[in-house]
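Please keep the sequence and the model in view while reading.

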Amino acid sequence: MSKEQDIESRRRFLKVAAGTTAAAVVMGSLPRFARAADLPALSESDPTAKALGYVEDATKTANAKHKAGDDCTNCQFYSGGPTGRGPCQLFPGKSVNAKGWCVSHTPKKA
Ligand code: SF4
């Protein structure tokens, strides 16, 4: 192999390697999004949910600790969007309702 051929072959290798790395970064980020959306819904009858007074609709709770306007979307343990469902650090592997609430509600830091 001539020196020019050797340099050309290295260039091609580096191009392929860079493309593969970019693809791996994209692929690596996809399953995380998919998992967050696919988490099974937390049931109000789940023992931990019951213990923490979790409700799917914050406006329907009769718990005296609930303050008007508090729901999962403004709780620091929630990492989902403003609607639908999302993960809560207190219920790993499950999704909570964005409009849900439980006694562990802690306002998000501004
Ligand atoms: S800890 Fe916060 S995000 Fe989790 S269920 Fe309770 S209120 Fe919702």
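## Lining of the cavity

In this predicted model, the lining of the largest cavity is made up of 11 nonpolar and 2 polar residues, with no charged residues in it. The structure holds 1 cavity of 30 Å³ or more, and the volume of the largest cavity comes to about 90 Å³. Among the 13 residues that line the largest cavity, Cys-72, Cys-75, Phe-77, Cys-88 and Cys-102 are the closest to its centre.

## The ligand and its shell

The largest cavity is also the space that the ligand takes up. Around the ligand stand Tyr-54, Cys-72, Cys-75, Phe-77, Tyr-78, Cys-88, Leu-90, Phe-91, Trp-101, Cys-102 and His-105, and by class this shell has 10 nonpolar residues, 1 polar residue and no charged residues.

## The nonpolar core

The largest nonpolar core has 13 residues, of which Leu-42, Ala-49, Tyr-54, Tyr-78, Cys-88, Phe-91 and Val-96 touch the most other members.

Terms used. Residues numbered from 1 in each chain as written. Predicted model: local features only at pLDDT ≥ 70, side-chain atom pairs only at ≥ 80, totals over all residues. Heavy atoms only, no water. Core = buried A, V, L, I, M, F, W, Y, C linked by side-chain atoms within 4.5 Å. Buried < 20%, exposed > 50% of the residue type's maximum accessible area, 1.4 Å probe, protein only. 1 Å grid on protein atoms, 1.4 Å probe; cavity = no way out; pocket = protein on both sides within 12 Å on 5 of 7 lines; lining within 4 Å. Points joined across faces, edges and corners; volume = space filled by probe spheres on them. Nonpolar A, V, L, I, M, F, W, Y, C, P; charged D, E, K, R; others polar. Near = heavy atom within 4 Å. Sits in = over half its atoms within 2 Å of the grid points.
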